[in-house]
Amino acid sequence: MTDSLLDSLHSAVPELRLKTDAGDLEHYGRDWTRRWTPNPLAIALPGSVEEVQAVMRWASEHAVKVVPSGGRTGLSGGAVAANGELVLSLERLNKPLSFDRVDRTLTVQAGMPLEAVHNAAREEGLEYPVDFAARGSCSIGGNIATNAGGIRVIRYGNTREWIAGLKVVTADGELLDLNRALVKNSSGYDIRQLMIGSEGTLGIVVEATLRLTDPPPPTNVMLLALTSFEALMEVFAAFRERLQLEAFEFFTDIALKHVLAHGAVKPFDEVHPYYVVTEFATGDEAKEAAAMAAFEACMEAGWVADGVISQSDAQAQQLWRLREGITESLAPHVPYKNDVSVRISRMPAFLEETQKLLGEAYPQFEVVWFGHIGDGNLHINVLKPADMAQADFVRDCEQVTKLLAQALKAHEGSISAEHGIGLVKKNYLDSTRGPAEIALMRGIRQAMDPAGLLNPGKLFDA
Ligand code: FAD
Ligand code: MLT
Ligand code: ZN
């Protein structure tokens, strides 16, 4: 069956690069979640948009399910192929296509790594400002499909804000040219926006036209040691009031313990319960004085116990590593990841309730808190004890996620701030979206992919 299917694919798209070795099936069949056993049919690596279209026409004809695949750094199981799907990897479509100085846009192929997009924008003296630690491996197509956030959302917003136009291949192989980089376009439904965050369930992004912005101002990075969890939002308010913040990120002593064990440099002699890394615009005396004033106000209020400010780019990077290195340092512990958000104004009440809830629910596990606190986005990672079976661990964690989902519903928050629903969070989608809204989402999926070929089982059961 597999052989005859692949023979027919070969006949339909003769030049298509295909991988079927066991190692490749495993490598391309999973993402960072490591929870599902990869079992794809094969890996297709098209080298052109026309080949992507031809693959989808073939998939439609033969009712073959397809998993679009970028850098597979996803944290929600979105790019997992565990049920005989064809993985359609965009990795060969990884080039910049054009730059327009007047429009200030960069058009790229979807498989281009985020870091390569940054570099291409900087070569033109401009900036693509969405950024996070997976920059070297994740693709712009994956960023679009998850509406990725990251460490600069507080200043620049999510991926959605930077997408001027998209080219998308539909389930039956049509090519859509969405919005054509227009600034103004009131001509009906904006399907481009629908594609952003659709997790590969509505179409395959093959090209993106990205808005670019001015290079960032000169900045400084400060690491703050906080005395209590309650101080967190107070410190945020004090800094935001006085400074132009480029980032405001937090983590706990347990996160620091893991990142230090993974090679980061210890920032303070003493251990403190909570830390903030913040980056803000500097470059003149007034801004530097404002930064010192924010720091001193927080010290005087008793919210901050210690602090360090970067004196060089190298030191700024060292401080950032304490925050950006957390995910990799936790990976060996196969964490159960929560990625939740509430409106910033709801954060203090939500934090208080969640801390109590998780303290009671997880006495047996190590729990690591960190995240984009300035955006109302918390990452709560529960670490698997080495001697516990993965299935038992996930079952225990799911019990707590039910409670967390209830708290999110009460606080009008989201079960997925930036990683996507994928396989991991589909049972909790109804904590964030109402029944009528989910029914509409299913209807849109039905309209765009009636045979349910694109990434089936992700976001909701198809
Ligand atoms: P993949 O994992 O390959 O795919 C993700 C989803 O997109 C899947 O559903 C897939 O089917 C779909 N998809 C991929 N390409 C396409 C395409 N061309 N067309 C249609 N659908 C497609 N995320 C954040 O938002 N903020 C962070 O700060 C952040 N930090 C991270 C740090 C680390 C160390 C790691 C490992 C991950 C982090 N992530 C973060 C998660 C991840 O990097 C993002 O979700 C990223 O956008 C995924 O991109 P990818 O190319 O790896 O996508
Ligand atoms: C982060 O903010 O570091 C990322 O979203 C990755 C993670 O949650 O582990
Ligand atoms: Zn994050």
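## Overall fold

Of the contacts in the protein with a separation of 6 or more, 72% are between residues 24 or more positions apart (contact means heavy atoms within 4.5 Å). This is a predicted model, where local features need pLDDT of at least 70 and side-chain atom pairs count only at pLDDT 80 or more, while totals for chains, interfaces and linings use all residues. A few housekeeping points: residues are numbered from 1 along each chain as its sequence is written, chains are lettered from A and ligands numbered from 1 in the order in which they are written, and side-chain values use heavy atoms, with hydrogens and water left out.

On secondary structure, you'll find 15 helices and 16 strands; these are DSSP runs numbered from the N terminus, with helices being H or I of at least four residues and strands E of at least two. The C-alpha atoms fill a box of roughly 70 × 55 × 45 Å along the principal axes. The radius of gyration is 23 Å, which agrees with the value near 23 Å for a compact globule of 462 residues (taken over C-alpha atoms, with the globule rule being 2.2 Å times the number of residues to the power 0.38).

## Surface and charge

Some 53% of the 462 residues count as buried. Buried means under 20% relative accessible area, exposed means over 50%, and partly exposed is in between, using a 1.4 Å probe and protein chains only. The protein exposes about 19900 Å², and carbon and sulfur atoms supply 49% of that (Shrake-Rupley method, 1.4 Å probe).

As for charge, there are 43 positive and 61 negative side chains, and the centres of the two sets lie 4 Å apart. Lys and Arg count as positive and Asp and Glu as negative, leaving out His and the chain ends; each charge is placed at NZ of Lys, CZ of Arg, CG of Asp or CD of Glu.

## The zinc site

The zinc ion (ligand 3) has His-372 (NE2), His-379 (NE2) and Glu-418 (OE) as its protein donors, 1.9 to 2.1 Å away. Donors are N, O and S atoms within 2.8 Å of the metal (3.2 Å for Na, K and Ca), and water is not among the atoms, so sites may look incomplete. Along the chain, the donors follow the spacing H-x6-H-x38-E. Both His-372 and His-379 are buried.

Most residues other than glycine have a negative phi. Arg-180 has a positive phi of about 45°; Arg-180 sits in the loop between strand S8 (175–178) and helix H7 (191–195), and counts as exposed because its relative accessibility is 58%.

Val-334 also has a positive phi, about 40°. The loop holding Val-334 runs between helix H12 (326–330) and strand S14 (336–341), and with a relative accessible area of 25%, Val-334 is partly exposed.
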